[in-house]
Amino acid sequence: MSELQIGGISCRQLAEEYGTPLYIYDEARIINQAQSALDNFKSDMFETEVAFASKAFSSIYLFKLLSRMGLGLDVVSGGELYGAMQAGVDMSKVYFHGNNKGDEEMTMALEAGVGYFVIDNVMECRRLVFAAEDAGIKVRALLRVNPGISAHTHEYIMTSAPDSKFGIYVKDRIHIKEVIDIIAGSSMVELAGFHSHIGSQIVEAESFERALDTMTDFLLEMKELYGIDDMELSIGGGFGIKYVDEDEVESLGDMCYRMVRCAEDCIVRKGVNVTKLITEPGRSMVGEAGYSLYTIGDMKVSGDKHYIFVNGGMSDNIRPALYEAEYGAALVEKQDLPKTMNYCVAGKNCESGDVLIKSVKLPEAMPGDLLVLFSTGAYGYSMASNYNRLGRPAVVFVKDGKSRLVIRRESYRDQYRLEMGGDDD
């Protein structure tokens with residue numbers, strides 16, 4: 001009977017060595033995705049850069065791996081920036097995002113030598129100018145502009161609507177002009193270009209092509225109205241991945257290739273000059289490379305549902321509860337057996353909504369069996385919590401039959417290490 005292997009190692013061996021729940025990453029698959037993006041996101045007309053969106057999964061080991069390959073990094077907090085610094089990432093290739101950067105985070109990023117601040121709003125622009133001038137540190141900035149493109153995705157991860165919490169709507173000329181004027185009056189902040197991002201889990205290139213068309217129209221207006229030219233343009237990320245068999249997804253390499261060709265066509269037709277095109281894949285870099293391994297505990301029949309309970313749940317994967325996300329699954333040691341049962345996979349958190357998969361066909365399961373969920377490499381560990389005081393699982397990378405512990409399992413002691421309680425005074 002065949003047993004599921006990841007990176008040349010059986011899941012049972014990984015479970016015995018590291019325990020469950022366990023996040024497992026196929027390192028070779030991450031490398032292949034990163035290289036495909038680098039190879040296809042190239043142009044003879046302008047410079048290009050691929051920056052990993054670290055919110056998908058941030059770890060020092062991953063940052064080192066991608067940085068060695070030549071990727072930049074997108075961070076959205078002081079915590080992610082700190083990880084990048086610990087990993088020795090080239091700070092000139094770091095893009096600092098976020099809609100409410102704290103003053104301490106701004107200072108930290110300036111002193112670290114971050115390459116770009118992605119400005120979200122007018123108030124932040126004023127604070128950045130003040131912080132840069134106060135520190136006497138020059139910095140380049142991209143203004144985040146919402147192109148108003150509706151991508152087919154969940155409403156919680158759509159980011160480009162006119163009333164989005166992120167950036168300034170492309171037709172809001174008053175606030176865009178205000179940002180341009182503020183930066184023009186500063187000797188420390190340079191407007192290097194513009195940034196856009198239309199959402200996440202986007203599976204077709206047409207949405208990005210529409211965004212590029214809109215953003216290059218916008219660049220033409222900036223050129224005609226304010227004489228701004230030779231701008232850098234980030235088209236963001238949001239590339240989708242295959243979660244279940246029914247998903248139809250264009251490959252990351254194909255998406256990158258089409259985006260560059262579209263950008264080249266747009267700038268030639270419209271007579272604008274883009275000096276650098278940037279993209280920020282996150283989920284598509286690590287999502288399908290990641291697996292979540294659980295041990296089945298109790299089982300029961302409730303009404304017409306056959307429940308499998310696993311030793312994790314929404315505390316290590318909130319996406320099904322938050323986004324109604326769907327996943328494929330398998331019993332790792334029963335792959336060859338007929339799938340005769342229909343199970344609901346639920347976690348151990350004290351919530352009725354703690355369901356990882358509402359319905360999945362599997363062979364007959366038993367307590368102690370190992371269950372794996374596929375394509376959990378993005379936003380699993382990043383969004384994990386200590387709800388019910390469950391510890392975050394360990395993270396291992398596997399490649400060529402060898403495993404590496406990247407993040408150790410969180411212990412009870414770890415969870416309480418920040419507490420200041422004790423004996424009553």
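Me: Which residues is V286 in contact with, leaving aside its neighbours within four places in sequence?
Reply: Y25, I30, F52, A56, F57, L62, G377 and A378, where contact means heavy atoms within 4.5 Å. This is a predicted model: local features need pLDDT of at least 70, side-chain atom pairs count only at pLDDT 80 or more, and totals for chains, interfaces and linings use all residues. Residues are numbered from 1 along each chain as its sequence is written, and side-chain values use heavy atoms, with hydrogens and water left out.

Me: Which residues touch the most other members of the largest nonpolar core?
Reply: I30, F52, F57, L62, L143, F194 and V286, out of 92 residues. Such a core is a set of buried (under 20% relative accessible area, 1.4 Å probe, protein chains only) Ala, Val, Leu, Ile, Met, Phe, Trp, Tyr and Cys residues joined through side-chain atoms within 4.5 Å.

Me: What lies apart from it?
Reply: Another core, of 19 residues, including I241 and V345.

Me: Switching to helices: how do α6 and α7 pack?
Reply: Helix α6 (residues 122–135) and helix α7 (residues 173–184) pack at about 5°, axes 9 Å apart. Helices are DSSP runs (H or I, at least four residues), numbered from the N terminus. Axes are lines fitted to C-alpha atoms over the stretch in contact, and angles run from 0 to 180 degrees between N-to-C directions.

Me: So parallel or antiparallel?
Reply: Roughly parallel, therefore, as angles under 35 degrees count as that.

Me: Which residues of α6 meet α7?
Reply: V122, C125, R126 and V129.

Notes: Buried means under 20% relative accessible area, exposed over 50%, partly exposed in between (1.4 Å probe, protein chains only). Helices (H or I, at least four residues) and strands (E, at least two) are DSSP runs, numbered from the N terminus. Angles under 35 degrees count as roughly parallel, over 145 as roughly antiparallel, 65 to 115 as roughly perpendicular and the rest as oblique.
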